[in-house]
Amino acid sequence: MLKISIRQVVMAAVFFAATHAQAEVFLGADSKSINTKARSIETDYVQGMRDERLGNTYSSTLNMRDKLKVGAGLSVGGALGTLGFNMELNIEDADGALAGFGTGHGYNSFQLAWKHAFEGDYLAPYMTAGYSRWYNSNGSTSAATESGILDRVLTAEEKRTGRFGTDFVNAAFGLQYNQLSGDFRGVSIYGELMSMYEVKRSVLLPTGAIGALYYF
């Protein structure tokens with residue numbers, strides 16, 4: 001017959017208790033690890049959604065200009081004439097450089113300028129100062145008749161031949177709407193009042209422009 005001593009019974013009981021306690025510890029550790037991992041995933045998700053929301057939203061015009069360094073768009077009127085294509089480089093949040101090319105009936109144009117933007121939310125004022133040149137070497141005699149600005153600054157000989165090059169120093173004050181959030185963030189429209197000073201003939205001409213830019 002199988003004889004089991006009291007010592008063996010006690011040892012078996014101790015072994016069973018130790019094994020059961022260790023299993024409970026492992027199960028508790030696994031449960032804690034799962035809960036910690038779940039909380040970590042939830043935290044990462046919430047932070048990711050927050051970063052995406054903030055990445056699509058700018059707190060102000062200057063904040064947008066600080067993040068989006070390049071703008072490109074079209075203008076009507078102003079320093080480039082009938083129709084212009086503009087590029088803007090935001091060197092700092094408030095200051096940037098402008099360059100553009102334009103055209104009109106019987107002439108072409110280009111512009112180089114500096115722009116200073118003031119703080120604002122969606123709507124913010126700005127000012128510019130720069131140089132532009134309107135020219136034609138092809139001999140179109142209709143430029144002066146189609147443009148009130150050229151009609152006032154060209155000489156009789158330039159109007160007759162249609163060949164000219166005239167230089168302007170420009171200053172403008174404008175108001176710009178900037179879309180700071182959503183799918184169309186970076187889209188901007190503006191209107192400005194401008195003074196164009198013709199250098200050779202010392203003529204001061206008031207004008208204005210409207211336009212649109214997309215910053216990226």
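## Terms and basis

Buried means under 20% relative accessible area, exposed means over 50%, and partly exposed covers what lies in between (1.4 Å probe, protein chains only). By that definition W134, with a relative accessible area of 1%, is buried.

This is a predicted model, in which local features need pLDDT of at least 70 and side-chain atom pairs count only at pLDDT 80 or more, while totals for chains, interfaces and linings use all residues. Residues are numbered from 1 along each chain as its sequence is written, and side-chain values use heavy atoms, with hydrogens and water left out.

## Overall make-up

The chain has 5 helices and 8 strands. Helices (H or I, at least four residues) and strands (E, at least two) are DSSP runs, numbered from the N terminus. In order from that end, the elements run α-α-β-β-β-β-β-α-α-α-β-β-β.

Of the 216 residues, 35% count as buried. The chain exposes about 13,100 Å², and carbon and sulfur atoms supply 64% of this area; accessible areas come from the Shrake-Rupley method with a 1.4 Å probe, and for residues only the protein chains shown count as cover. A contact means heavy atoms within 4.5 Å. Among contacts between residues at least 6 apart in sequence, 55% join residues at least 24 apart.

## Nonpolar cores

A nonpolar core is a set of buried Ala, Val, Leu, Ile, Met, Phe, Trp, Tyr and Cys residues joined through side-chain atoms within 4.5 Å. The largest one has 16 residues, and W134, L150, V153 and F168 have the most contacts inside it. The elements that give two or more residues to this core are α3 (143–146), α4 (148–153), β6 (164–178), β7 (187–198) and β8 (203–215). Apart from it lies another core, of 11 residues, among them Y58, L62, M64 and L213. In soluble globular proteins, nonpolar side chains tend to be buried together.

## W134 and the aromatic pairs

The structure holds 7 aromatic pairs. Rings of Phe, Tyr and Trp (its six-membered ring) pair if their centres lie within 6.5 Å; planes under 30 degrees apart count as stacked, over 60 as edge-to-face and the rest as tilted. Y107 and W134 form a stacked pair, 4.8 Å centre to centre with 5° between the planes. This pair links distant parts of the chain, 27 residues apart: Y107 is in strand β4 (residues 107–117) and W134 in strand β5 (residues 123–136). Both Y107 and W134 are buried. The rings of Y214 and F216 have their centres 6.1 Å apart and their planes at 20°, so this pair is stacked too. Y214 is partly exposed, with a relative accessible area of 42%.

Y107, W134 and F168 form one aromatic cluster. A polar contact is a pair of N or O atoms within 3.5 Å; within protein, one must be able to donate a hydrogen and the other to accept it, and residues adjacent in sequence count only if both atoms are side-chain atoms. A polar atom of the W134 side chain lies 2.7 Å from the backbone oxygen of A79. The C-alpha atoms of W134 and S109, 25 residues apart along the chain, are separated by 4.4 Å.

## K115

K115 lies in strand β4 and is buried, with a relative accessible area of 3%. A charge sits over a ring if NZ of Lys or CZ of Arg is within 6 Å of the ring centre and within 35 degrees of the ring normal. K115 lies over the face of Y126, at 4.5 Å from the ring centre. The K115 side chain also makes a polar contact with the side chain of E88 (3.3 Å). Leaving aside neighbours within four places in sequence, the residues in contact with K115 include R65, D95, M127, Q176 and Y215.

A172, in strand β6, is buried, with a relative accessible area of 6%. Not counting residues up to four places away in sequence, A172 touches Y126, M127, T128, E192, L193 and M194. The C-alpha atoms of A172 and A129, 43 residues apart along the chain, are separated by 6.5 Å.

S202 lies in the loop between β7 and β8 and is partly exposed, with a relative accessible area of 48%. Phi of S202 is near 55°, a positive value in a residue other than glycine. Most residues other than glycine have a negative phi.
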